[in-house]
Amino acid sequence: MSGVSSLTIMGYKSIRELRDFPLNNLNVLIGANGAGKSNFIGFFRLLAEIAEQNLQLYVQTQGGPDSLLHFGRNGTDSLLGQFFYAEHTYSFLLVPTNDNRLIVSSETGLNDTALFDDAAPLLGNFFHGTNRNESVLKTSLDPYARQVKNWISNWRIYHFHDTGERAKVKQPHGVNDTLRLKSDAANLAAYLRMLYNGYPSHYQRIVDTIRLVAPFFGDFVQRPGTPDYIELEWTQKGQQDTPFKAHVLSDGTLRFICLATLLLQPVELLPDTILIDEPELGLHPYAISILADIFKQVAETKQLIVSTQSVELVNELSPEDVIVVEQENDASVFKRFSSAELSGWLEEYALGELWKSNVLGGRP
């Protein structure tokens, strides 16, 4: 697996200090509102913006350095991150400026594991930049920098919450927009058409899985020809002559369609690391059970990082899959349990029930 094996986060939002935290193939974050689950996922979004040289724009649209540093500049003087994958390491240190920016104070790539000291990352022998507005990853000619950039580019954060009338998933879009399923499923219809034409067995598995959750669902409409634009259309079971638009679907059904398309596409098309924030929104408990099974299947070959508030989803998992997030001393802390630690409890209770009863922590 080429996902993240461990990471260090220092000084980011609610995360004051998280050192050398290991990640598995399946990582499901649970915790109360405001504990820091979304901040953990948000740190990956920050790194993606850094790698694309969008740091300055991202910082300003997020509200400036004080919104990203732990308790702002008065509480934290730098933001530090380090990611391990295989035998490689990438690290960066961001510092605030008097003109309300965050700049890249140092940036390092190593081909061997290295740890942060208390002040700054160790310099590597591949590439490094100092006091730059943006990362060197995107423009560096160093082959290791290119490797790190490609690695980061193969993460994707998905957020299928917007299912309102103006949601992009319901709008027409280019039929050739099929390189990747977009983070908000804005190209869902085109992507399904690509799977229908190029990967029929995977397409049929997606349709069959949707029918488990929505028995009324027939199929997606695939109109003949090669139109320039396409939008999501579907038929009801037994009524193949009458197409419906996406706005007729319930929010939960549409979100499940997005999730099924993402997770059941061919493995070779999937990102190496997939991050999903609260996928259970609007889903029936039975749909959540099916989703948990899909998570386990995907995690056999890819890395999943998911945040959830769903007891039903956690009931389907093992302790090693779950990361409990809590607030202690005004900072987020992250911990895992093992099956051995909870063996006595698990003889009588499901894991989600232990969370609900506050045995695991992570409750208000």
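1. Let's start with strand 5 (residues 88-96): 8 of its 9 residues are buried, so the strand is largely enclosed by the rest of the structure. Here, buried means under 20% relative accessible area, exposed means over 50%, and partly exposed is in between (1.4 Å probe, protein chains only). Helices (H or I, at least four residues) and strands (E, at least two) are DSSP runs, numbered from the N terminus.

2. A word on what you're looking at. This is a predicted model, where local features need pLDDT of at least 70 and side-chain atom pairs count only at pLDDT 80 or more, while totals for chains, interfaces and linings use all residues. Residues are numbered from 1 along each chain as its sequence is written, and side-chain values use heavy atoms, with hydrogens and water left out.

3. How confident is the predictor? pLDDT is its confidence in each residue, from 0 to 100. The protein chain has a mean pLDDT of 91, with 94% of its residues at 70 or more. Go carefully at residues 113-126, though, where pLDDT is below 50; this stretch still has 42 contacts in the model beyond near neighbours in sequence. Contact means heavy atoms within 4.5 Å. Where pLDDT is low, the predicted coordinates should not be read in detail.

4. Back to strand 5 and its partners. Two strands pair if DSSP finds at least two bridges between them. On one side, strand 4 (residues 79-85) runs antiparallel to strand 5 and is joined to it by 7 bridges, with F84 opposite T89. These two strands make a hairpin with 2 residues between them, and A86 in the turn has a positive phi of about 50°. Strand 5 also pairs with strand 6 (residues 102-110), in the antiparallel sense over 8 bridges, and F92 stands opposite E107. That hairpin has 5 residues between its strands, and N100 in the turn has a positive phi of about 70°.

5. Now the domains, whose bounds come from an automatic or database domain assignment. Domain 1 covers 1-158 + 318-363, and domain 2 covers 160-302. Their centres, taken over C-alpha atoms, are 29 Å apart. Across the boundary, 15 residues of domain 1 are in contact with 19 residues of domain 2.

6. Which residues have the most contacts inside the largest nonpolar core? They are F220 and I276, in a core of 64 residues. (A nonpolar core is a set of buried Ala, Val, Leu, Ile, Met, Phe, Trp, Tyr and Cys residues joined through side-chain atoms within 4.5 Å.) Leaving aside neighbours within four places in sequence, the contacts of F220 include L192, Y203, W234 and I257.

7. There's an open sheet of 6 strands too, in the order 8-14-15-3-16-17, with mixed pairing. Strand 8 (155-158) and strand 17 (331-335) are the edge strands, each pairing on one side only. Strand 14 (residues 273-277) and strand 15 (residues 303-308) pair in the parallel sense over 5 bridges, and T273 has Q303 as its bridge partner.

8. Finally, look at the open antiparallel sheet of 3 strands, in the order 10-12-13. Strand 10 (217-220) and strand 13 (239-245) each have a single partner strand, so one side of each is left without a neighbour in the sheet. Strand 10 pairs with strand 12 (residues 233-236) over 3 bridges, where D219 has T235 as its bridge partner.

Conventions:
pLDDT = per-residue confidence, 0-100.
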